[in-house]
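Try each task before reading its solution.

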Amino acid sequence: MARGSREENIRQIIDMEDRIARCGRCKSLIKCVRKPSLGKGELDPDLMMIFEYDNHFTRDVNNLIVLRNMVKKELNLDKIYHTFITRCQPKACVTRNSMSCYTDTRLLDKDNHCLLNGRDCEGIPVRPADEEIIACLPFLLEEIAILNPAYILLFGSRVAEYMLKSWGIFDTEEDRTVYMINDTRIILAPDGEQFTDGYCQRISQQIRNFTSL
Ligand code: SF4
């Protein structure tokens, strides 16, 4: 698919983000989410980084800067964008669970205070359930279709599993980290915390091997 102009990409991304902000597919998640996590970065990217959800690692901008710099240096790319397979952060919450709360109403105010007890949200971030990933996946596929990057870097085994299956790849080879879907190179990586210079050099070498086949 041809890459759209940056202006056209911006228009389509804004439209998609508007729908994400109004999305209510995961009733149990949206009660305790102030706003969904959206993609950030260059809107005509060379490479898109995809994380499972917005967690303590991705919320620290310094972690993202380190990752971006590693990728830029080793893969010799410039424009990078990052996004998530699940937009709303699931939380375990004793307060919510201990109260009979038969409502779909959002329970956080604009200052992240819980409407049930007036305190700062005390929910503990947890990984998304399979059904939450599947519910949110169409937004990510739409985002990829709009931005159409030459490289997609999948962080973590769950992201790899869901994305490869969504592209029709069900049989994966052990130790293989690079796949080709249409004109896009798909790169498998460990979770962001485990992504090192050494790993980045390895995938850079595998991409070169792959390209020369
Ligand atoms: S996680 Fe995704 S699909 Fe579920 S409510 Fe949030 S935006 Fe919608």
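**Exercise 1.** Work out which strands helix 3 lies across in this predicted model.

*Solution.* Start by finding helix 3 at residues 61-75. Next, look at what sits against it: helix 3 lies across strand 2 (47-51), strand 3 (80-84) and strand 6. Finally, check the direction: helix 3 runs at about 130 degrees to strand 3.

**Exercise 2.** Trace the order of the strands in the open sheet, then find the edge strands.

*Solution.* Walk across the sheet and you'll get 6 strands in the order 1-3-2-6-8-7, with mixed pairing. The edges are strand 1 (40-41) and strand 7 (178-181), as each pairs on one side only. Now zoom in on strand 6 (residues 151-155) and strand 8 (residues 184-189): they pair in the parallel sense over 5 bridges.

**Exercise 3.** Describe the shell around the ligand: which residues come nearest, and which helix supplies the largest share?

*Solution.* There are 14 residues around the ligand, and Cys 23, Arg 25, Cys 26, Cys 88 and Cys 136 come nearest. Sort the shell by type and you get 9 nonpolar, 2 polar and 3 charged residues. Then look at the helices: helix 2 (27-30) and helix 5 (130-147) each give at least two shell residues. Helix 5 has the largest share, with 3 residues.

**Exercise 4.** Find how many residues of domain 1 are in contact with domain 2.

*Solution.* First mark the bounds: domain 1 covers 6-27 + 35-90 + 126-212, and domain 2 covers 91-125. Their C-alpha centres are 29 Å apart. At the contact, 5 residues of domain 1 meet 5 residues of domain 2. The domain 1 side splits into 2 nonpolar, 2 polar and 1 charged.

Key
Residues are numbered from 1 along each chain as its sequence is written. This is a predicted model: local features need pLDDT of at least 70, side-chain atom pairs count only at pLDDT 80 or more; totals for chains, interfaces and linings use all residues. Two strands pair if DSSP finds at least two bridges between them. Helices (H or I, at least four residues) and strands (E, at least two) are DSSP runs, numbered from the N terminus. Two residues are in contact if their C-beta atoms, placed from the backbone, lie within 7 Å. Axes are lines fitted to C-alpha atoms, for helices over the stretch in contact, and angles run from 0 to 180 degrees between N-to-C directions. A residue is near a molecule or strand if its C-beta atom, placed from the backbone, lies within 6 Å of it. Ala, Val, Leu, Ile, Met, Phe, Trp, Tyr, Cys and Pro count as nonpolar, Asp, Glu, Lys and Arg as charged, and the others, Gly among them, as polar. Domain bounds come from an automatic or database domain assignment.
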